[in-house]
Amino acid sequence: MKVWIPHRSGHALLGELPPGVTVEVVEDPARLPSVPDGVRFWVPPFLAGPDAGALLAELPDLEVVQLLSAGADAWVGRMPEGVTLCDARGVHDSATAEWVVAAVLSQLRGFGPLARAQGRREWAYDEVAPTDELAGKRVLIVGAGSIGAAVQARLAPFEVTFTLVARTARPAEGVHGVDELPGLLPEADVVVLLVPLTERTRGLVDEKFLAAMADGALLVNAARGPVARTSALVAELTTGRLRAALDVTDPEPLPADHPLWGLPNVLLTPHVAGSVRGLLPRAYRLVGEQLRRFAAGEPLVNRVVDGY
């Protein structure tokens with residue numbers, strides 16, 4: 001069985017592989033290591049661009065596409081017949097949760113204006129203090145999956161209360177359905193977006209969603225840019241009524257002249273929540289486990305069904 005992976009360092013991270021597995025590295029799709037015939041298991045690059053999917057048509061024996069990302073939106077609906085798509089659910093939980101905590105604290109404690117004041121060599125106590133605080137806040141997590149659980153675990157020591165929302169309600173677990181958002185948003189101080197991008201979640205954060213949020217609330221998007229309607233974000237955030245921390249935007253990269261850059265109540269980072277040094281060891285550990293399952297004829301984990 002021939003396997004293609006995108007990182008040279010990944011080979012050593014896969015662990016022991018079954019006999020007959022040949023691993024080749026595809027760092028540049030324009031320079032393939034061998035003929036595509038016989039490739040049954042393919043790992044595309046992390047945050048692969050639209051061109052990466054073009055290889056799908058060139059792999060006649062492909063059976064599995066294993067992503068290194070938790071989101072599969074760029075690949076859903078593109079799989080040839082008979083090809084299984086798997087995401088990297090679980091790999092990015094800790095890193096993304098860390099980013100959420102850092103972003104929330106940075107916004108509430110005024111680190112943005114303080115960093116700008118540092119650049120001006122100004123002691124900005126009177127400008128910023130007293131700051132807001134996380135203790136006592138009501139946190140609404142929209143996306144009660146594994147990353148949502150990781151965020152909840154890391155925020156719990158900060159003396160906050162939680163409301164969890166998923167695609168469908170899970171009353172036994174205290175999880176609300178997404179259809180309940182209109183009644184939940186006014187009661188939240190911090191709204192964290194962690195949903196996958198699907199046709200149901202595209203544009204979820206629109207004018208009505210933002211209008212329902214409480215004055216001074218903080219919107220945190222660690223999901224995908226198109227989950228929020230950019231025009232609605234700009235219009236609402238320009239008023240200064242809400243705050244936002246955005247690791248993802250629509251479009252990406254955000255053009256230099258985009259109005260979101262200049263808003264003092266917005267923290268922007270360039271889709272870096274999952275890009276940490278521990279990513280590849282965790283990701284290739286999953287890839288190795290999947291390869292061993294596949295070679296043994298066992299069911300694969302993290303299969304993407306209906307966009308999830």
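Predicted model: local features only at pLDDT ≥ 70, side-chain atom pairs only at ≥ 80, totals over all residues.
Residues are numbered from 1 along each chain as its sequence is written. Local features need pLDDT of at least 70, side-chain atom pairs count only at pLDDT 80 or more, and totals for chains, interfaces and linings use all residues; side-chain values use heavy atoms, with hydrogens and water left out.

Five strands form an open sheet with parallel pairing, in the order E2-E1-E3-E4-E5. Helices (H or I, at least four residues) and strands (E, at least two) are DSSP runs, numbered from the N terminus. Two strands pair if DSSP finds at least two bridges between them. Strands E2 (22–25) and E5 (84–86) stand at the edges, each with a single partner strand, so one side of each is left without a neighbour in the sheet. From one strand to the next, the twist averages 25°. Strand E4 (residues 64–66) pairs with E5 in the parallel sense over three bridges. Gln66 has Cys86 of E5 as its bridge partner.

Helix H9 (residues 279–296) lies across strands E1 (2–5), E3 (39–42), E4 and E5. H9 runs at about 145° to E3. Axes are lines fitted to C-alpha atoms, for helices over the stretch in contact, and angles run from 0 to 180 degrees between N-to-C directions.

The axes of helix H2 (residues 93–108) and helix H5 (residues 146–155) come within 8 Å and cross at roughly 50°. That makes H2 oblique to H5 (angles under 35 degrees count as roughly parallel, over 145 as roughly antiparallel, 65 to 115 as roughly perpendicular and the rest as oblique). On the H2 side, the contact (heavy atoms within 4.5 Å) is made by Asp93, Ser94, Thr96, Ala97, Glu98, Val100 and Val101. H5 contributes Ser146, Ile147, Ala150, Val151, Arg154 and Leu155. Seven residues of this contact are nonpolar, three polar and three charged. Ala, Val, Leu, Ile, Met, Phe, Trp, Tyr, Cys and Pro count as nonpolar, Asp, Glu, Lys and Arg as charged, and the others, Gly among them, as polar.

The end C-alpha atoms of residues 102–273 lie 10 Å apart. This span is 28% helix and 17% strand.

Two cis peptide bonds were found. One joins Asp250 and Pro251, with omega about 10°. Another joins Glu252 and Pro253, with omega about -10°. Pro251 is placed in the loop between strand E11 (243–246) and strand E12 (266–268). Pro253 is also in the loop between E11 and E12. Arg121 has a positive phi, near 60°, in a residue other than glycine. Arg121 lies in the loop between helix H3 (111–119) and helix H4 (125–128).
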